[in-house]
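I opened a new notebook page for this structure. My plan is to take one topic at a time.

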Amino acid sequence: MKALVQRVSRAEVRVAGEVIARAGAGMLVLVGVERTDGEGEAERLAERVARYRFFPDEAGRMNRSILDAGGEALVVSQVTLAALGTGRRPSFDLAAPPERADALYRAFAAALAALGVPTRIGAFGARMEVELVNDGPVTFLLEEGGPGRRRR
């Protein structure tokens with residue numbers, strides 16, 4: 001499971017021109033689910049994201065987590081994070097099937113909320129427009145994987 005985490009001033013998701021979710025200062029998390037992922041990966045990745053220190057402290061150093069900073073999270077499913085891009089066209093062979101990916105994406109968001117992060121979600125499988133103001137810009141790719149995949 002992969003999470004592309006971006007520190008934002010604000011973010012929102014629209015479907016068919018209507019805003020369906022919005023977050024203020026905090027983070028936008030794009031989540032990609034792979035075939036080998038399960039509930040354990042979703043929970044561990046949520047824990048890492050919630051405690052990942054990429055918000056500035058009083059000295060301007062990245063020493064605070066979203067929990068410390070008191071921000072919000074907007075979580076959006078992103079199947080392209082699970083794609084292989086070795087040729088001229090992406091392959092989605094490693095991506096989880098939609099029903100499994102949806103369940104694990106929701107499990108990730110629920111685990112993040114259970115840790116105390118105010119969390120909103122996009123619409124799984126929908127054609128979404130995601131708008132954000134990246135604060136920094138600050139963006140990190142975090143992974144929680146099954147056998148043979150390194151944790152970064």
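**Helix pair.** I began with two helices, and α1 and α3 cross in a right-handed way. I call a crossing right-handed if the near helix is turned clockwise from the far one by less than a right angle, and left-handed if anticlockwise. Helices here are DSSP runs of H or I with at least four residues, strands are runs of E with at least two, and both are numbered from the N terminus. This is a predicted model, in which local features need pLDDT of at least 70 and side-chain atom pairs count only at pLDDT 80 or more, while totals for chains, interfaces and linings use all residues. Residues are numbered from 1 along each chain as its sequence is written, and side-chain values use heavy atoms, with hydrogens and water left out.

Next I looked up the packing. Helix α1 covers residues 39-51 and meets α3 at an angle of about 40°, with the axes 8 Å apart. The axes are lines fitted to C-alpha atoms over the stretch in contact, and angles run from 0 to 180 degrees between N-to-C directions.

Which residues make the contact? From α1 I noted E39, A42, E43, L45, A46, V49 and A50. From α3 I noted R100, L104, A107, F108, A111 and L112. Contact means heavy atoms within 4.5 Å. I sorted these residues into 10 nonpolar, no polar and three charged. Ala, Val, Leu, Ile, Met, Phe, Trp, Tyr, Cys and Pro count as nonpolar, Asp, Glu, Lys and Arg as charged, and the others, Gly among them, as polar.

**A73.** I then turned to A73, which is in strand β6. Is A73 buried or exposed? A73 counts as buried, because its relative accessibility is 0%. Buried means under 20% relative accessible area, exposed over 50%, and partly exposed in between, with a 1.4 Å probe and protein chains only. Leaving aside neighbours within four places in sequence, A73 is in contact with A23, M27, L112, V117, P118, T119 and R120. From A73 to L112 I count 39 residues in sequence and 8.6 Å in space, C-alpha to C-alpha. L112 also belongs to the α3 side of the helix contact.

**Largest pocket.** How much space lies in the largest pocket? I get about 330 Å³. A pocket is an open set of points on a 1 Å grid over the protein atoms alone, where a 1.4 Å probe fits, with protein on both sides within 12 Å along at least five of seven lines. Grid points are joined across faces, edges and corners, and the volume is the space filled by probe spheres set on the points.

The lining has 21 residues, and S77, Q78, V79, F124 and G125 lie nearest the centre. Lining residues have an atom within 4 Å of a point. By kind, the lining divides into 15 nonpolar, five polar and one charged. Four elements each supply at least two lining residues: β3 (26-32), β6 (72-77), α3 (98-114) and β8 (128-143).

**Prolines.** Strand β8 holds P137. The peptide bond from G136 to P137 is cis, with omega near -5°. I found P90 in the loop between β6 and α3. P90 is partly exposed, because its relative accessible area is 45%. Beyond four places in sequence, P90 touches A83 and L84. The C-alpha atoms of P90 and T80 are 8.2 Å apart, at 10 residues along the chain.

**Loops.** A16 sits in the loop between β1 (2-15) and β2 (18-23). Its phi is near 55°, a positive value in a residue other than glycine. A16 is exposed, at 75% relative accessible area.

R53 lies in the loop between α1 and β4. R53 is exposed too, at 51%. Not counting residues up to four places away, R53 touches M62, N63, R64 and S65.

A59 is exposed, with 59% relative accessible area. The C-alpha atoms of A59 and I20, 39 residues apart along the chain, are separated by 36 Å.
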